[in-house]
Amino acid sequence: MSAGGSKVTLSCASGEGNVTEGHTRALFLQPAWDYLRQNHHDLLRSPLFPVGLSVSTYFLLVALYTALDLLAPTRPRLNRYRLHPDHAVGWPDIRPALGVTVYNHLLYIFPAAAAQWLWRPPTPLPREAPTLWSFFLGVLGCTVVFDFQYYLWHLLHHRVPWLYRTFHAVHHQYQRPFGLVTQYLSGWELFSVGFWATVDPVLLRCHCLTAWAFMVFNIYVSTEDHCGYDFPWAVHNLVPFGLWGGAPKHDAHHQRPGTNFAPFFSHWDRLGGTHAVPAPPGRRKD
């Protein structure tokens with residue numbers, strides 16, 4: 001599972017609502033949206049903005065996690081949060097993952113961004129911000145739809161040997177994921193994930209502010225799933241009842257590739273009989 005980059009320009013829904021919603025909008029998102037439109041209008045309308053937002057968010061997060069990986073062996077208080085505290089992540093692990101990530105950006109993402117800049121019109125920016133309710137509902141809706149799409153894609157690419165060997169096996173070269181493994185992918189997987197992450201907000205008629213928030217959230221939780229840490233503030237520790245998978249369950253998928261196919265939620269794996277509970281740290285394979 002991976003973080004997706006934006007490949008096409010987003011269309012922004014107007015975000016109109018009733019009187020109560022309008023009041024909520026005025027209290028929360030409208031002032032921020034007015035500021036962005038007035039001070040960064042040309043930047044936000046650029047077809048390159050979603051790509052730049054995705055790429056910068058991803059590299060910022062992996063830089064943070066890579067710094068933690070390099071510090072962890074000498075910081076016991078940090079190392080205790082690692083899923084594999086006895087296996088240090090060093091430059092021999094980081095270099096190949098970084099190389100594939102840079103290669104994918106140079107070969108796929110940057111040329112697609114250049115084509116988008118040349119051929120796509122500027123993004124229209126509506127005057128009204130989304131309501132706070134529609135903002136959070138839109139992010140949640142996109143997350144649920146994306147989770148289902150990738151669950152099916154992921155399951156299919158594990159169950160069909162040719163698809164696994166040709167496209168997905170590269171991601172499983174690492175049995176103990178860390179931040180940079182998030183986009184250690186084939187070009188086909190990178191394109192598929194990026195396509196859904198971009199198109200889902202359009203299909204759900206989200207305001208562009210909602211679409212950009214989903215894009216950042218998607219990258220954040222995808223990177224967190226691969227980070228190799230179980231921090232108390234991680235999403236899976238904040239969402240109750242075990243509804244969210246998180247890094248421990250995705251780490252278990254890399255250990256046992258026939259389990260935990262859903263990228264975020266856990267309900268599809270429970271329904272499909274592919275859910276697996278991560279082993280305690282002391283019993284994980286290192």
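Let's start with the lining of the largest cavity: its residues divide into four nonpolar, six polar and three charged. Please keep in mind that this is a predicted model. In total, 13 residues line the largest cavity, and G245, K249, N260, A262 and F265 are the ones that lie nearest its centre. Which helix gives the most to this lining? That is helix α12, residues 246-255, with three residues. As for the space inside, the largest cavity holds about 70 Å³.

How many cavities of 30 Å³ or more does the structure hold? There are two, so let me take you to the other one. The volume of the second largest cavity is about 50 Å³. Around the second largest cavity you will find R82, L83, H84, H87 and V89, then R176, P177 and F178, and finally G228 and D251. Sorted by class, that lining has four nonpolar, three polar and three charged residues.

Now, on to a pair of helices. Two packed helices are described by the angle between their axes and the distance between the axes. Here, look at helix α4, residues 49-71, and helix α6, residues 91-119: their axes come within 12 Å and cross at roughly 175°. Because angles over 145 degrees count as roughly antiparallel, α4 is roughly antiparallel to α6.

Which residues meet where α4 and α6 come together? From α4 we have V51, V55, Y58, F59, T66 and L70, and from α6 we have W91, I94, T101, H105, I109, A113 and Q116. The residues of this contact divide into nine nonpolar, four polar and no charged. Thanks, everyone!

Terms used: Residues numbered from 1 in each chain as written. Predicted model: local features only at pLDDT ≥ 70, side-chain atom pairs only at ≥ 80, totals over all residues. Heavy atoms only, no water. 1 Å grid on protein atoms, 1.4 Å probe; cavity = no way out; pocket = protein on both sides within 12 Å on 5 of 7 lines; lining within 4 Å. Points joined across faces, edges and corners; volume = space filled by probe spheres on them. Helix = DSSP H or I, 4+ residues; strand = E, 2+ residues; numbered from the N terminus. Nonpolar A, V, L, I, M, F, W, Y, C, P; charged D, E, K, R; others polar. Axes fitted to C-alpha atoms, helices over the stretch in contact; angles between N-to-C directions. Parallel < 35°, antiparallel > 145°, perpendicular 65-115°, else oblique. Contact = heavy atoms within 4.5 Å.
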